[in-house]
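Subject: A structure for you to explore

Hi,

Here is the structure I promised to hand over. Have a look at it first, and then read my notes below.

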Amino acid sequence: MIKRIRCLPGAIYHLTYSKELLAFLPHNDKRRWVLWTPSGYYDASLGGDDLIGWHVNNGTDKVAYFDPISSFRIYDRPDVISRVLQTLEVKEATKIEFSHVRILSPFDNTEVKSTELTVKYLLNASPERAVEKIEVRVNGRPFLTVPSDDLWNNDEVKITIPQEDCVVSVIVHDKYGSKVYDRVKLQWKGEASVIKPKLYIFAVGINKYNSKSFKNLNFAVKNANDFIETIKLQKDLMYSDVVAKVLTDDWASKDNILDGFKWIQEKATDKDVAMIFMSGHGESGHGESDKTGYYYAPVDVDSGNFVSSSDIIDKEKLTRGKLLFFLDTCHSGNVVGVEGPNADLLIKDLARVENGFVVFTSSTGSQESEEDVKWHNSSFTKALIDGLKGKAVHEDSKKIMIEKLGSYISRRIKQFVKNRQTPVFLKPQTIPDFPIAVKR
């Protein structure tokens, strides 16, 4: 079977029929890559699905834009890539019917002055895909859901947008779990909002574990407390109030952690910002049936309790406010004494358009997250705190934007530990860049 394919730089060809099976693009950062079929189905590393896409012209009087393939998650099909390699046949492996949705109005980059908006869309659904619902989101967070019974009765919805530049997206869900969406960016030209949002923080840090399988850490508790104390300084600057809940060591049981997720879900409204920070140990897979999933280890892990990625996503995906997730758990080697956790799957799941998280992680799933007495924190938390205190300020303004913060953390950690650790920042295309702090 292997003798029938030939790998060339950038492509994989079938030798017998001289046809391209797959195209391959490795980024020169030696971290990101994407592998795709001629029709666009792909598998990719973290962030790799932003490397390819479509160049869209908007006429002679409008600026063209690039739509990355990450905008169309229905093409994210590792199973199709596997079938192509197994069968050496693209046509059969990619026989997939799916639905399309387009936002007809408002147009992209429309200037708006009212918070009340009517969104008109066109659904082109394949009967084979059995569409279950349409979801409308504002800035990546859920606004309303159109159930299957009403899909064919209406082609427009009325929504409320914030008094700021925003992104409105329409997402189609089918019975196979596939999603496809369209989005438009809106420019706010009305009165500026003078109401500051409220910030809710849930932080977990564990140094001492009950299980002998996990070595104790030095700074996980301090990481959580330092993060909270740093962001609390934003009260009356960026936020009208900062409300925090923290669990450390003996208090950080699985039940208490799940209660913390529920607390965030219940408290944060669509006008608020929520942050979740977790520092401690993780594990790759759990039991014989799951070798690839990601699990966070609570303090009572010795009784078989783990916090799974589905626990995190299921609890939080319905929170309507802006939601940021900071994961500082990928310890391995000498630090943990067990195989490093495969956090990549969790990171990709959190940042999917249908979940709407903004995700910062300390490293990829195969790397260590280092801590050192020189920093009195992990390298990730040290860089994060420095950035929030003003080192990641955006150009001439005093605002600290999430994209600028992600870039700063990456550069800072490289100074700390060279190339031994690669932090990850992922943001769905449905969420615009926004500030999370102001330099004092």
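Let's start with Glu164, which counts as partly exposed at 31% relative accessibility; here buried means under 20% relative accessible area, exposed over 50%, and partly exposed in between, with a 1.4 Å probe and protein chains only. Before going on, please note that this is a predicted model, in which local features need pLDDT of at least 70 and side-chain atom pairs count only at pLDDT 80 or more, while totals for chains, interfaces and linings use all residues. Residues are numbered from 1 along each chain as its sequence is written, and side-chain values use heavy atoms, with hydrogens and water left out.

**Salt bridges**

Side chains of opposite charge can pair when their charged atoms come close. I counted a salt bridge when a side-chain nitrogen of Lys or Arg lies within 4 Å of a carboxyl oxygen of Asp or Glu. The structure holds nine of them.

Glu164 takes part in one, with Lys322 as its partner at 3.2 Å, N to O. This pair links distant parts of the chain, 158 residues apart: Glu164 is in the loop between β13 (156–160) and β14 (166–174), and Lys322 is in strand β22 (residues 322–328). (Helices, H or I with at least four residues, and strands, E with at least two, are DSSP runs numbered from the N terminus.) Lys322 is also partly exposed, at 21% relative accessibility.

Another salt bridge joins the side chains of Arg102 and Asp182, at 3.0 Å, N to O. Here too distant parts are linked, since Arg102 sits in strand β8 (residues 100–105) and Asp182 in strand β15 (residues 179–188), 80 residues apart. Arg102 is partly exposed, with a relative accessible area of 41%, whereas Asp182 is buried at 10%.

Glu135 and Arg137 form a salt bridge with their closest N and O atoms 3.1 Å apart, and both residues are buried. Lys382, Asp386 and Arg412 are linked in a network of salt bridges.

**Aromatic pairs**

Rings of Phe, Tyr and Trp (its six-membered ring) pair if their centres lie within 6.5 Å; planes under 30 degrees apart are stacked, over 60 edge-to-face, and the rest tilted. That rule gives eight aromatic pairs. Phe227 and Phe277 are stacked, 4.8 Å centre to centre with 15° between the planes. They are 50 residues apart, Phe227 in helix α3 (residues 220–232) and Phe277 in strand β18 (residues 273–279). Phe227 is buried at 0% relative accessibility, and Phe277 is buried with a relative accessible area of 0%.

Phe325 and Phe357 form an edge-to-face pair, 6.1 Å centre to centre with 80° between the planes. Phe325 lies in strand β22 and Phe357 in the loop between α6 (344–350) and β23 (358–361), so this pair ties together parts that are 32 residues apart in sequence.

There is also one aromatic cluster, formed by Phe227, Phe277, Phe326, Phe360 and Phe425.

Which residues of α4 are buried? They are Ile257, Leu258, Gly260, Phe261, Trp263 and Ile264. An α-helix has 3.6 residues a turn, so residues three or four places apart point the same way. Look for that when you turn the model around.
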